Amino acid sequence: MQRGVYVDILEAREEYLKARRLALKEIKELSLQSKNTGPAVLDDILGENATASIKEVGIVNVPVERIVGTKSAGRIGAFSAGFMPVLGTETEFAQKWMHLCISHMSDEGIRNPVLCYEYLGNFYIQEGNKRVSVLKYFGATQIPATVLRILPEPSDEPQIKAYFEFLEFYKATGLYDVNFRRPGDYEKLMLSLGKDLDQRWTEREQRTFRAYFQYFTEAFLACRGEHLDLLPEEALLLWLRVYPFRD
């Protein structure tokens, strides 16, 4: 029994070292581009609006690509921008990461939802940064999270107007997977799918859309679409002008 645990720890340490190498590579690349090398900090983004209206959303499966930062600055030095671990293997942080790694690789798994804030369609972790790190490292596409939504003040800014349209889209679909920047795009998407905002989506419809959109996003990125000033969901709208969604 002790030998089994020992082997698990060795395996977890090796995985941590691999994750740390990814972190250091990411930091180097971002530094060369003069970009922020750590996770974004929501408190810094909100500034004077830190006391904005907050609404409980509940437990949601959060798309991993929408997890962009932490609520406060307390732990950002331990992670790269992509939540890969930075600290050395002998630190308490690394030991906890490795034990979470062992849980993930065992039948037990990582089941407790993280706690995060959602602002303008992106997520900032309050509790569970290491869980996010481990799950992202192992390729999770969604992470269960208890979500608190911070509502911005209404304005004529396109991103804000688009976000309030997203709130109506979310009521119908329960999806965080698309995050448009321009007003009107959510309506265009629904029309392209033959739906309207008064129709609540079933779980099967949610799963189908997620799967198809994931396929589309992978193809978009394979064509180096990330180098365009275009989000995958915006590219999807262009695609849907010509082809049905199932294609």
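This report describes the fold, the surface and several individual residues of one protein.

The structure is a predicted model, in which local features need pLDDT of at least 70, side-chain atom pairs count only at pLDDT 80 or more, and totals for chains, interfaces and linings use all residues. Residues are numbered from 1 along each chain as its sequence is written, and side-chain values use heavy atoms, with hydrogens and water left out.

**Overall fold**

The protein contains 8 helices and 6 strands; these are DSSP runs numbered from the N terminus, helices being H or I with at least four residues and strands being E with at least two. Along the sequence, they follow the pattern α-β-α-β-β-α-β-β-α-β-α-α-α-α. The radius of gyration is 19 Å, close to the 18 Å that the globule rule gives for 247 residues, so the protein is as compact as a globular protein of that length. This radius is taken over C-alpha atoms, and the globule rule is 2.2 Å times the number of residues to the power 0.38. The C-alpha trace spans about 60 × 45 × 35 Å along its principal axes.

Contacts (heavy atoms within 4.5 Å) also describe the fold. Of those with a separation of 6 or more, 69% join residues 24 or more positions apart.

**Surface and charge**

Of the 247 residues, 42% are buried. Buried means under 20% relative accessible area, exposed means over 50%, and partly exposed lies in between, with a 1.4 Å probe and protein chains only. The accessible surface comes to about 14200 Å², and carbon and sulfur atoms account for 50% of it. Such areas come from the Shrake-Rupley method with a 1.4 Å probe; for residues, only the protein chains shown count as cover.

There are 31 positive and 35 negative side chains, and the centres of the two sets lie 4 Å apart. Lys and Arg count as positive and Asp and Glu as negative, while His and the chain ends are not counted. Each charge is placed at NZ of Lys, CZ of Arg, CG of Asp or CD of Glu.

**Individual residues**

Ser34 lies in the loop between helix 1 (2-32) and strand 1 (40-41), and Leu120 in the loop between strand 4 (114-119) and strand 5 (122-127).

| Residue | Relative accessibility | Class |
|---|---|---|
| Ser34 | 69% | exposed |
| Leu120 | 11% | buried |
| Cys101 | 0% | buried |
| Cys223 | 65% | exposed |

A search of the whole structure finds 0 disulfides, a disulfide being a pair of cysteine sulfur atoms within 2.5 Å.
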